[in-house]
Structure formats: C-alpha cells, structure tokens
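These are my notebook entries on a predicted model. I set down in turn what I looked up in it.

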Amino acid sequence: MRRIPRTIALLGLLLAAAAIVTVSLGVGSEPFSRVTRTIVLEYRLPRSLLAFLVGASLAASGVCFQGLFRNALADPFLIGVSGGAALGAVSSIVLGVEMTLLGLGSATVAAFAGGVGAAFLAYQIARVRGRVRMEGLLLAGSAIGAFAGALVSVLLLYSTRNWNEVISWLMGNLGHPDPWYRVKVVAPCLLASASVMVVYARELNLLLLGEESAAQLGVEAERVKRVLLAAGSVAAAGAVATCGMIGFVGLIVPHVVRRLVGPDHRTLLPVTVVAGGAALALADVVSRSLSPGSPLPIGAVTAIGGAPFFVYLLRRKPS
Amino acid sequence: MRRLALLLLIVGCDRPTGPPQAGTPAVDSRGKTVLIPPRPGRIVSLAPSTTELLFDVGAGDQVAGVTTFCEFPPEARSKPKIGDLVLDLEKLSALRPDLVVTAWSLTQKTSADLEAKGYAVFGVDPQSFEEIAAALVALGDITGHAPEGRRAAEALMSRVRAIGPYEGPTFYFEHSADPLGTTGPETYTGRALRLAGGRNIFEGAWRNAVDWESVMARDPEVILIAHDGRGALERRAGWEKLRAVRKGRVYFVPKEHYIYPTPRLVEGLEEASRLFHEKNP
C-alpha cells in the first residue's frame, strides 16, 4: 500500500496537466486579447470543469455499483439509468415540452427524472419481502433498460425532426455553449452522491465479503444497499442528463484505479472520483485538438483511447 | 409443397412492380436520360424540396404521394404519405406511380433501388438560385406545365437580380442549437447569404457542426438564429460580450426561408439582405 501516495501524486500531476492544456490550447504567447480572455475564462474553464465533474460522476457511480454488485462488468448504466434517462430526454425532445424547473430546461429535468425513476423501478421490482437480491435487481435493470430503449426507438420513428439532437445526446456531448448551466446540474448531484459513498465506504468493503458476513459484522445490508444504489443512480443520472451517454469512463476508471491502489473503498472511492474526472477532462482535450472547430464525439474518444490502455493493464503481469 | 409455396411467394415479390418505361426522354440533374410518360398523373415526390417545386410549377394535382417531411405548400400535407427517410415500398407501389421525382443527393440509395425496380426516377438537385430556376423549368417541362415552369423561374430570378452587390457585415448563421449547426459558404443557404451581402465567419472552411468557442473567437457582427432554441441563448458562455449582442444585431429568422432549395430561399435572401443593411442601432 506504499504505492497509494505515489498514485495520488501522479493523479494530481495528471490533473494539473489536463487543466493547463485544456485552458491554454491554441492561445499562443502574445498577450491575452479581450476575446481570448473571454473564451478562456467563460468557456474553456467551465467546459473543463464540466468534463471533470461528469467523468467524476460516472466513475463514482461505476465504482459504487461494481462494489455493490460484486461484478466487474457493472457500470453506471447497469440498472436502467441510461435507458430511463434516454426515454425521459427523447420524449421531452420529441413531444416538444417547453418548460423550466428551477431554471433547468425540460430535457434536462426529464432525463434526470427518467434515469432515477428507472433505477427506483428496478429496485421496487427486485424487492421481495423486504429484501433485494442483487441478481434480481440486475435482471430487472436490464429489462427496464431494454424496454426504455425500445420505446425510444418507437418515439424516434414517429418524430424524425429531432434526430440530430437525439443522436448527439446518445453519443455523449460536452460541447454545449452553456457549460456553466450544466455544471450547476452535475455538481450538486456529484457532491451529494460522492459524499454518501465515502461515508459508506467501510460498509461497502464489508458487503464485498457477502451480505451474511456483512450482517454479522453489524452492517444493515438492506439499508446500505438502498442508500448506495440511490447515490450511484443520482451520480449517473446527473451526468447523463447534462451530457448524454458517455460510455467507458464509468466501467474502466474504477478498474484501473483498483489495480493501482487496491480494493479498499476508503481509498478507492475518492481516488476513482478524481481519476474519472481527470480522464474525461483529458479525453475532451484530445477530442478538441484532434479536430479543432468541430470536436469528435467524446464517447468515441473515451472508448478508442481507453480500451487499448485497459487491455494493456489486463495483460500486464502483477508486480 | 410448403417450400414451393414459399419460393413462389419470394419470386412473386421480386417481380419488377414499376410500369413499363415509355415516353419522352428528359435529362435530369445527374445528366441521366429518363423516359418520362406523357403527362405523368401519379407522381411520387421523395423530398420536401421536390414536392414544393412540383406545386410551384402547377403540378400539385398530379402529385400522388409525398414524404412525411413534405409540409409545404399546406396542400401537400393532405397527400398520401410514402415514408420519411425510409420509404414504405408497399405504400409506394400501391400508389402505382408513373414518375418518381427526388432530390438526388438526399436519396441516392433509395432512388437507385427504385430505378432498379423499373420506376422512372427524375432527380433535381439545385445548389444555387440559377439551379432552382433550372429545376422549375425542367419540372414544368416534364409535367406538362412548361409555361408555368418558365414563369416561376423568371419571377424567382427577377427577385434575385433585384438584390444589389453589397459588402456587408460578418455573420454567423445557426440552424440548430443542440448540437450547434451552421452552414459554410458552399451550400445553397451559404450562397444565398453571401449574395445578400454577408460575410460568413466560417468562410473558406466547410462547416456544419461547430464549436461555440470558434464562434466566440470570430466574433461576428450579425447573428442569424434560425431555430426555436432562443430561450437558452443568454446562458451561453460570453453571450453578452459578443459584438452582435452588444450592438443588438441578433436576429431571429424563420428556418424555412433558408433550408430548402426552392423559391422560398429568395425570402431568406431578401430578409437577410435587409438585415445586413440595417445600421447598428
């Protein structure tokens, strides 16, 4: 475990690099003009912050679900959050609902509600006589995801007018002209859910031993599961509602960090949150510098860059 | 026996369902010679622009089927629908069309399939006012409305010619808010806006999807918003600092004046010309 401080230092360095590169890309060495100043302060800074928060939310949700389900393939979208959010967003786009709630647009609100709603529904379905079996929850989640996905296709069939908007949402998009607005949505979701997860890190560790053993050690398994499922779903829904479906970060980053700092959630959770944020902020820089002017879809960058790196980590001999 | 029945069914489906080709040869925008039946009376149109052009030359009554996108002129809405981007081939063949008219570049694959089935497919693909006028003439000719086609083309071009040369402000044209969508100068929309006297901030580069940052960096003098997402404009990064916003030169324009290669584009031309000429308040 002596590697932990080193890993954290490395992560800090990575984060600093990401921050500097993102903000200064293409600015040049001449003194700041008024326009450059506006671009850097009012667009690039919040955009990088947004990328960081979204990456952090997805990674937090991923590490939480992987621990809870004791399943290496668990990701933020496991229990129907993405399908529910897609259904919410697409129906509000297609039906042309125009309203605001707490200053938020209807598509954002509908996506968030759909995501959290789907997870809640899966939880209710999987609950039998006060107990939730994790396999049941997993299956209920995929059923809801498939059902919502099918409804999305049907809705799209009846409204071809908003395909662009829907496709951009499904591919994941960080390039909104109003990054501060989105930061205001993601930040509270992340703050609330990550705090809950960190508070429950010890319980999450004990749950890894199995629910019976955890119960013998004084863990109220059902309550802890409920709280952590809610936290993971809120984190995922916040990210998805603002920037669409960005894949891979929530699945891979927890695995990478687990290999570096070990499985103790008290360390794993906070490090994963920061690493997820740094990873997505860097991916955003890559997508913008590879194709300046009209950036590549962020989901493509995370998968193309992340998959080979992950394979390398898998094949590397444990030291 | 069942296998034989199935085979017959498959063979039956594969039989060319289109009418036998006979008629007057006409060259379409691809440079392909298409045999046009004498005065076609059951025309199917595969694009909103071609539907509109057919009505413009007075051939609306001869249109038998349109896509769900075809909403202009209003009479087009009551025509039978044959699909959207994906055609419902059963509905299409049930209309027994004697001519299919399409914007070739939008429907290359489908149109090629229909040709292979034996349908007469006439393509038009106007990319400028001259080509819109030429399309009106061509569609008038093949539908038996030659004088109307010529009159519509002449009316269009005289309005276009009335717009004088002008070296106006730089502008950013936005037809979609999420994702941000604009147009470069090499499209019919881009050409019309150039003709109106505007200088496109994305001149020299092909653009459709753009990054908000590159709009901020180019700081246009005029912004034309051609979509309904106007409510969210104020929360965009650096919005109040943009030159166009400070000078009150953000204009909301109807999308349909700009996005179709039809005579309606001249409405966009005249409107943009007027807006570009407006002095800074």
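**Entry 1. Chain A as a whole**

I began with the secondary structure of chain A and found 13 helices and 4 strands. I then checked the radius of gyration of chain A, which is 20 Å. The globule rule also gives 20 Å for 319 residues, so chain A is as compact as a globular protein of that length. Along its principal axes, the C-alpha trace of chain A spans about 65 × 55 × 35 Å.

I next looked up burial, and 50% of the 319 residues of chain A count as buried. For the contacts, I took pairs in chain A at least 6 apart in sequence; 79% of these join residues at least 24 apart.

**Entry 2. A helix pair in chain A**

How do helix α3 and helix α4 of chain A pack? I noted that α3 covers residues 81-94 and α4 covers residues 106-126. Their axes are 6 Å apart, and the angle between the helices is about 150 degrees. Angles over 145 degrees count as roughly antiparallel, and α3(A) is therefore roughly antiparallel to α4(A). I recorded the crossing of α3(A) past α4(A) as right-handed.

I then listed residues at this contact. On the α3(A) side they include V81(A), G83(A), G84(A), A85(A), L87(A) and G88(A). On the α4(A) side I noted, among them, A107(A), A110(A), A111(A), G114(A), G115(A) and A118(A). Sorted by class, the contact of α3(A) with α4(A) has 11 nonpolar and 9 polar residues, and no charged residues.

**Entry 3. Chain B as a whole**

I turned to chain B, where I found 10 helices and 12 strands. Of its 281 residues, 42% count as buried. Among contacts in chain B with a separation of 6 or more, residues 24 or more positions apart account for 59%.

**Entry 4. Where the chains meet**

**Entry 5. Cis peptide bonds in chain B**

F72(B) and P73(B) are joined by a cis peptide bond, with omega about -10 degrees. I located P73(B) in the loop between β4 (63-65) and α3 (89-94) of chain B. The bond from D178(B) to P179(B) is also cis, and its omega is near 0 degrees. P179(B) sits in the loop between β8 (176-177) and β9 (180-181) of chain B.

**Entry 6. Positive phi in chain B**

Which value does phi take at R39(B)? I noted a phi near 40 degrees, a positive value in a residue other than glycine. R39(B) belongs to the loop between β2 (33-36) and β3 (43-45) of chain B. I counted R39(B) as partly exposed because 14 other C-beta atoms lie within 10 Å.

D219(B), likewise a residue other than glycine, has a positive phi near 35 degrees. I placed D219(B) in the loop between α8 and β11 (222-225) of chain B.

Methods. Residues numbered from 1 in each chain as written. Chains lettered and ligands numbered in written order. Predicted model: local features only at pLDDT ≥ 70, side-chain atom pairs only at ≥ 80, totals over all residues. Axes fitted to C-alpha atoms, helices over the stretch in contact; angles between N-to-C directions. Helix = DSSP H or I, 4+ residues; strand = E, 2+ residues; numbered from the N terminus. Parallel < 35°, antiparallel > 145°, perpendicular 65-115°, else oblique. Left-handed = near helix turned anticlockwise from the far one by under 90°. Contact = placed C-beta atoms within 7 Å. Nonpolar A, V, L, I, M, F, W, Y, C, P; charged D, E, K, R; others polar. Buried ≥ 20, exposed ≤ 12 C-beta atoms within 10 Å, placed from the backbone. Rg over C-alpha atoms; globule rule 2.2 N^0.38 Å.
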